[in-house]
Amino acid sequence: MKEIVRASLLEAEGVLSSMLCNEELLGKISEAGVLLANALISGAKIYSCGNGGSMCDAMHFAEELSGRYRKNRPALGAIAISDVGHMTCVSNDYGYEFVFSRFIEGMGRPGDVLLAISTSGTSVSILNAITQAKSKRMSVIGLHGREGSALSQIVDIDICTPGGRFADRVQECHIKIIHILIEIVERNIFPENY
């Protein structure tokens, strides 16, 4: 069993090493963090969405901003689109593919930012949310794991992580990037915490 553990950790290490060597990816992550910070400074809101494990990542991202990351500081305006009442209502009345876009339609404002998370970059519910956000003149950061996906074609900042054979490595990279984005936001808004 130790060999399984070692092999898994070595695969994850390889993925992180490839990210470290990708200057374009590092630049996009930096750009996304600054975009988020500037939006919050201007009074805009940050929205996040995803399905399955990506929903958990979207929620984790928002709660670290509205709650606390490393040190105490004022709350930041971030909301994961995860309200069960909203999601079941829209799923029932319109179809699941509209659960995120309907929320953005009602709540999104020009200058707000959407973090759209999809390991495949092909989820219809996420693509619809992006389209709706763009129609509201929001900025969109796409976080996915498939080069050339439909998502990568329609976002403002395209963050595509390497993965491996399965989505779990992509998701592991996503949570690392999410934490880095939060750190960049905090370093820009609350430099005294660093």
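# Close-up views of a predicted model

**View 1. The largest nonpolar core and the residues at its centre of contacts.** Among the 33 residues of the largest nonpolar core, those that touch the most other members are Leu-36, Ile-46, Phe-61, Ile-141 and Ile-159. A nonpolar core here is a set of buried Ala, Val, Leu, Ile, Met, Phe, Trp, Tyr and Cys residues joined through side-chain atoms within 4.5 Å, and buried means under 20% relative accessible area, exposed over 50%, and partly exposed in between, with a 1.4 Å probe and protein chains only. At least two residues of this core come from each of α1 (2-20), α2 (23-41), α3 (53-66), β2 (78-80), β3 (113-118), β4 (139-144), β5 (157-160) and α8 (167-189), and α2 gives the most, with seven residues. Helices (H or I, at least four residues) and strands (E, at least two) are DSSP runs, numbered from the N terminus. This is a predicted model, in which local features need pLDDT of at least 70 and side-chain atom pairs count only at pLDDT 80 or more, while totals for chains, interfaces and linings use all residues. Residues are numbered from 1 along each chain as its sequence is written, and side-chain values use heavy atoms, with hydrogens and water left out.

**View 2. Leu-36 and its contacts.** Not counting residues up to four places away in sequence, Leu-36 touches Ile-46, Phe-61, Val-113, Ile-141, Leu-181 and Val-185, where contact means heavy atoms within 4.5 Å.

**View 3. The packing of α2 against α8.** Two packed helices are described by the angle between their axes and the distance between the axes. The axes of α2 and α8 come within 8 Å and cross at roughly 50°, where axes are lines fitted to C-alpha atoms, for helices over the stretch in contact, and angles run from 0 to 180 degrees between N-to-C directions. The two helices α2 and α8 are therefore oblique to each other; angles under 35 degrees count as roughly parallel, over 145 as roughly antiparallel, 65 to 115 as roughly perpendicular and the rest as oblique. On the side of α2 the contact is made by Ile-29, Ser-30, Ala-32, Gly-33, Val-34, Leu-36, Ala-37, Leu-40 and Ile-41, and on the side of α8 by Ile-177, Ile-180, Leu-181, Ile-184, Val-185, Asn-188 and Ile-189. By class, the contact of α2 with α8 has 13 nonpolar, three polar and no charged residues, with Ala, Val, Leu, Ile, Met, Phe, Trp, Tyr, Cys and Pro counted as nonpolar, Asp, Glu, Lys and Arg as charged, and the others, Gly among them, as polar.

**View 4. Gly-33 within helix α2.** Gly-33 is found in helix α2 and, at 0% relative accessibility, counts as buried. Leaving out residues up to four places away in sequence, Gly-33 touches Leu-181, Ile-184 and Val-185. The C-alpha atoms of Gly-33 and Ile-178 are separated by 9.3 Å, although these residues are 145 residues apart along the chain.

**View 5. The packing of α3 against α8.** Helices α3 and α8 pack at an angle of about 15°, with their axes 10 Å apart, and that makes α3 roughly parallel to α8. By class, the contact of α3 with α8 has seven nonpolar, six polar and two charged residues.

**View 6. Helices α4 and α5.** Helix α4 (residues 84-93) and helix α5 (residues 99-107) pack at an angle of about 110°, with their axes 9 Å apart, and are therefore roughly perpendicular to each other. His-86, Met-87, Val-90 and Ser-91 in α4 meet Val-99, Phe-100, Arg-102 and Phe-103 in α5. The buried residues of α5 are Val-99, Phe-100, Ser-101, Phe-103 and Ile-104, and what covers them includes β1 (46-49), α3, β2, α4, β3 and α6.

View 7. Arg-137 lies in the loop between α6 (124-135) and β4, and at 63% relative accessibility Arg-137 counts as exposed. Phi of Arg-137 is near 60°, a positive value in a residue other than glycine. Gly-111, found in the loop between α5 and β3, counts as partly exposed at 37% relative accessibility, and touches Ala-39, Ala-44, Arg-137 and Met-138, not counting residues up to four places away in sequence.
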